[in-house]
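Trainee: I have the sequence and the structure open. Can you walk me through reading strands, cores and burial?

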Amino acid sequence: MNSSSDFTIKRLTTDLYCIQENISDINPIYTNDPINLYLLLGDHTALLLDTGCGLSPLKPIVKELIKERELLVFNSHAHWDHVLGNHEFKEVYIHENEASKVSRSYDLSGSKKVFSKYSDRNYSIPPAENVKVLHDGEFFDLGDIKIEIIHAPGHSPGSICLLTDDCRLFTGDVAYYGDQFLPNRQQIPRVIDTLSMLIDLCEKCGVKTLYPAHQQTPCDTTLLNELLQGVKKIESLWHKRTFQKDFYAWEINDPENERFRYLVSRF
Ligand SMILES: [Zn+2]
């Protein structure tokens, strides 16, 4: 394990690095430490999945690790903790549903207290020079590794997972252990559909290892089953909800599985 600036770099396998930073350093209301950025090294091309909080230089670390390889940069979705390092890179790919969000400067001025660490940047983080769109089912060739884009809406409309041809699944914020930020109550069936789809995909493709964008990594596919069971219980626990003011969300706790806490948006 190496520490470089605010990042901790872990080599998970011969071809995969996890670059971690703590989002609670931005503000303690964020509990899903660490955020996991991934750097997957193919023969001729490397893929960086997510660019993090953008406060510490990421590109020099990536450059050193990929050596002579070409670099592709993907965002798993457009939430701030995954995209604010985009400005360091010439070109970033994101699902078509969220491309407009990362094509302009990211404006944090609506929550100056929460994002006080960005005051010297005037709460405005520039985008990548070029934003390209990803579509469900699209393939990318890194050389000895092929990647398929899996559209997995729910956590956000343009969330993606990445499936490798050697049966690894990068789940982004669609599945991890920790606080689950969910869309409003009406959209929970969509979250359930996506998790069910991913469970089927893992069975069909023989996926054993999951690489989530937050907290514990790697995980096995039990994560998807546990999360699906938990999200399905939200309706029956709805009467026990409390108001969580930091996120303007309903908070639901499942006494039978404390590895998750559900924050259901009120918007
Ligand atoms: Zn996140």
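Mentor: Start with a hairpin. Here E4 is joined to E5 by a hairpin through three residues. Keep in mind that this is a predicted model.

Trainee: In which sense do E4 and strand E5 (residues 45-49) run, and how many bridges join them?

Mentor: They run antiparallel, and four bridges join them.

Trainee: Which sense applies to strand E3 (residues 16-21) and E4?

Mentor: Antiparallel again, with six bridges between E3 and E4. Here, look at Gln 20, whose bridge partner in E4 is Asn 36.

Trainee: How many residues of E4 are buried?

Mentor: Count neighbours. A residue is called buried if 20 or more other C-beta atoms lie within 10 Å of its own. In E4, seven of the seven residues are buried, so the strand is largely enclosed by the rest of the structure.

Trainee: Which residues point which way from E4?

Mentor: Ile 35, Leu 37, Leu 39 and Leu 41 point one way. Asn 36, Tyr 38 and Leu 40 point the other way. Both sets are buried.

Trainee: What is the general idea behind a nonpolar core?

Mentor: In soluble globular proteins, nonpolar side chains tend to be buried together. In this model, the largest nonpolar core has 69 residues. Tyr 38, Leu 39, Leu 40, Leu 47 and Cys 161 touch the most other members. Strand E4 (residues 35-41) gives this core its largest share, six residues.

Trainee: Which residues is Tyr 38 in contact with, leaving aside neighbours within four places in sequence?

Mentor: Leu 16, Cys 18, Leu 49, Phe 170 and Tyr 211.

Trainee: Now try another strand. Is Leu 134 buried or exposed?

Mentor: Leu 134 sits in strand E10 (residues 130-134). Leu 134 is buried, because 21 other C-beta atoms lie within 10 Å. Leaving aside neighbours within four places in sequence, its contacts include Phe 74, Tyr 93 and Ile 160. Leu 134 and Phe 74 are 60 residues apart along the chain, yet their C-alpha atoms are separated by 8.8 Å.

Trainee: And a loop residue. Where does Lys 233 lie?

Mentor: Lys 233 is in the loop between helix H5 (222-232) and helix H6 (234-237). Lys 233 has 15 other C-beta atoms within 10 Å, so this residue counts as partly exposed.

Note on methods
Residues numbered from 1 in each chain as written. Predicted model: local features only at pLDDT ≥ 70, side-chain atom pairs only at ≥ 80, totals over all residues. Helix = DSSP H or I, 4+ residues; strand = E, 2+ residues; numbered from the N terminus. Buried ≥ 20, exposed ≤ 12 C-beta atoms within 10 Å, placed from the backbone. Contact = placed C-beta atoms within 7 Å. Core = buried A, V, L, I, M, F, W, Y, C linked by C-beta atoms within 7 Å. Pairing = 2+ DSSP bridges.
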